[in-house]
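Trainee: I would like to go through this model with you, one question at a time.
Mentor: Go ahead, and keep the structure in view.

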Amino acid sequence: MSLTNDQKIVLFRNLARAMALDRMMMRVIRAGKMVGFYHEGGIALAPGIAAGAFLQKEDPMWPHYRAHGLAHMLSKGIDIKYYVAEHMGREAGCCKGRSSFHMSFPEDHVFGFSGNIGANFPLSVGYGFAAKYKQSGQVVMNCSGDGSYGEGRCHEALLMSANWKLPAVFWCEANGMAQHSNVKDLFPGPNVSSLAAGFGIPSMVVDGQDLFACAEAALQALAHVRQGNGPIFVECKTYRVQEHSVGGVNYEGPNQRDPELMAKWKETLNPLALAAARLLAEKVLTQEDIDQIKADAEREADEVEAFCEASPKALPSVAEMQAAVYTA
Amino acid sequence: MSSQRELTLCEAIREAYVEEMRRDERVFMLGISIQAGTFPHTKNLCEEFGTHRVVDTPLAETGMAGCAMGAAQEGLRPILDFMYAGFSYFAGSEVFLQMGQYHFLHGSQHPLPIVMVGTCGVGRRVGNEHATLPYGMAIHHPGIKTCMPATPYDAKGLMKAAIRDDNPVLFLWHTNLMMHKGYVPEEDYVVPLGVADIKREGSDVTILASGLQVHSALKVAEKLKDEISVEVVDARSFEPFDRESLLRSIEKTTRLVIVDEDFERGGFAAEVSAQVMEHGYDLLDAPVRRVCHPNIPVPGGYIDVYTMPTSERIEEAVREVCR
């Protein structure tokens, strides 16, 4: 499935925005202005942009936790400043400052997050089940990393989705690392998407640094699912050059990962640079256009930060919080 | 005639399901082998509602629980049948960390109407996993409502309340009560969550119990009626818990025995005991006594009748606080 030039420009702009926001989040956490933790996206954000790009508002999505799903959500059209405010514990936070890193955009069918890796898989089964039950035509975008597939609940979800032919995309952003372990030491094969075959789920492997390849894969996967063919598994091969969580050491097992290799990946595998080169070569955009898009993205990130800082810190009383535990 | 109508507890639950599923198309059930009906409460339900609303899942409690939660987020109202309530522990993260706490953590913006059901209780000689009563676990974790009926009447009314509630509700019943018969009205009625019920009035001592233990307490009350006047309060609901009704009862009797089939340590009885100390200390003429399952795993074999609260153990506690 080929992309139009307009689609390519939107994808490129959103990747620029996501990477600028990711850098802003790093500035904010390093300045001590974030209340919880942050898991940098780095050069791994092209798959997230592709995952969100072709969903309707009512299509449920669970973002991957790299860059805390900023790429996925802005690509789906969500105003992420309320999510950033959540990270800064502000009243404007999408969860009223109660979560530090959870999103909550129920009207956009992005219902929340979890600190437990793999928690999304059974929920996505529920989203897909509800879509079939209601005959709503919704499709589900279940994003995860490759490390998630150690969790038993992920296998249960593949089983149930395949068995019920649910309209779900299992979108895997495989950066080869699970916290401080290399996935090659945790999984007996080169691609976690090989699991799909056991459930009769079709799968594909895509270059996760190639924004447009990811987008084409997303279009293809969504078409498969929308046609009622049941779930599909897409594995986007990407890279993690930085540590798992900001402030840690970039370990792999007992050893530190090779800083020179990390630097080389960062230099040569930047998905925004790769996409820019494509757009220039195809004469879709000029260098001036690209510079403008990047400048706009930086400005947006600064504006988001300023918006969050202007919002008061959320400090509700215990009584107020007790009244918020249950739905009345 | 209808006022004489008797149903078993399972039939009462089934009747609530039928009425609520007719009333609201968003209500559906999922569980392991519920179409065949491992227990009679789901027997033949798919004849009326079809296999798309009475859904058999793989043997995958975690996936099943998450599926219920996701479906609820998407606007459905699932009844999640764990068969034995102890099997819910497979889905501990889903039940205790996600379903219960999601609403608050995500800004209290989106309801999670889920009813989790399961049978439980000591006395079937099959050991811990088929016996564990998880209401103590549930009340410890904010965000889940929990109840357990003692009679078919309460079962139908509480189930209707649970299905109509916009929060996750853990609805338990005792395995030994599934075939217990009692009066159940044919008409629509609700027993609200969080309202205790005085099952027998008395003036000397209050026994707080729930589920099967209400019946044990009633036996004791009957046996002692010429010596000690026992009031039996059925908690019915553990969260929300009707503390006010209990305190009113203690105000009259000045003595309290709490019967709790769950483990003694850190359980519902301990919680109520602490609440009574904080809010009703001046009402008491004797220390609160608990009659619980001792802090050993629920055994199988012939042993469990000695570990569960029995009428004998309850009587002993009643006599002690009335000394």
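This is a predicted model: local features need pLDDT of at least 70, side-chain atom pairs count only at pLDDT 80 or more; totals for chains, interfaces and linings use all residues.

Trainee: What is the phi of A:S100?
Mentor: Most residues other than glycine have a negative phi. A:S100 is not glycine, yet its phi is positive. The value is near 75 degrees.

Trainee: Which strands stand at the edges of the sheet in chain A?
Mentor: Five strands form an open sheet in chain A, in the order β1-β2-β3-β7-β6, with parallel pairing. An edge strand here has a single partner, so one of its sides is left without a neighbour in the sheet. The strands in that position are β1 (61–62) and β6 (203–207) of chain A.

Trainee: Which residue stands opposite A:C172 in β7(A)?
Mentor: Strand β3 (residues 168–174) and strand β7 (residues 232–237) of chain A pair in the parallel sense over six bridges. In β7(A), the residue opposite A:C172 is A:E235.

Trainee: At what angle does helix α8 of chain A run to β6(A)?
Mentor: Helix α5 (residues 120–134) of chain A lies across β1, β2 and β3, at about 170 degrees to β2(A). Helix α8 (residues 211–226) of chain A lies across β2, β3, β6 and β7. Its angle to β6(A) is about 160 degrees.

Trainee: Which are the edge strands of the sheet in chain B?
Mentor: Seven strands of chain B form an open sheet in the order β3-β2-β4-β5-β7-β6-β12, and the pairing is mixed. An edge strand pairs on one side only. The edge strands are β3 (54–56) and β12 (237–239) of chain B.

Trainee: Which residue of β7(B) stands opposite B:M116?
Mentor: Strand β5 (residues 115–120) and strand β7 (residues 169–174) of chain B pair in the parallel sense over six bridges. Opposite B:M116 stands B:L170.

Trainee: Which strands does helix α3 of chain B touch?
Mentor: Helix α3 (residues 61–73) of chain B packs on the sheet, and its direction makes about 165 degrees with that of β4(B). The strands touched are β2 (27–31) and β4 (77–84) of chain B.

Trainee: How much area do chain B and chain A bury between them?
Mentor: The size of an interface is often given as the accessible area lost when the parts come together. The contact takes 44 residues from chain B and 39 residues from chain A. Of the buried area, 60% is on carbon and sulfur atoms. The area buried is about 3300 Å².

Trainee: With which residue does B:E74 form a salt bridge?
Mentor: Across the interface, the rule finds two salt bridges. In the one formed by B:E74, the closest N and O atoms are 2.9 Å apart. Its partner is A:K134.

Trainee: Which element supplies the largest share of the side of chain B that touches chain A?
Mentor: β2, β3, α3 and α4 (92–105) of chain B each supply at least two residues of that side. The largest share is ten residues. They come from α3(B).

Trainee: What is the omega of the cis peptide bond that joins B:E239 and B:P240?
Mentor: Most peptide bonds are trans. B:P240 lies in the loop between β12 and α8 (243–253) of chain B. The bond that joins B:E239 to B:P240 is cis, with an omega of about -5 degrees.

Definitions and conventions: Residues are numbered from 1 along each chain as its sequence is written. Chains are lettered from A and ligands numbered from 1 in the order in which they are written. Side-chain values use heavy atoms; hydrogens and water are left out. Two strands pair if DSSP finds at least two bridges between them. Helices (H or I, at least four residues) and strands (E, at least two) are DSSP runs, numbered from the N terminus. Contact means heavy atoms within 4.5 Å. Axes are lines fitted to C-alpha atoms, for helices over the stretch in contact, and angles run from 0 to 180 degrees between N-to-C directions. Buried area is the accessible area (1.4 Å probe) that two parts lose on being put together, summed over both. A salt bridge is a side-chain nitrogen of Lys or Arg within 4 Å of a carboxyl oxygen of Asp or Glu.
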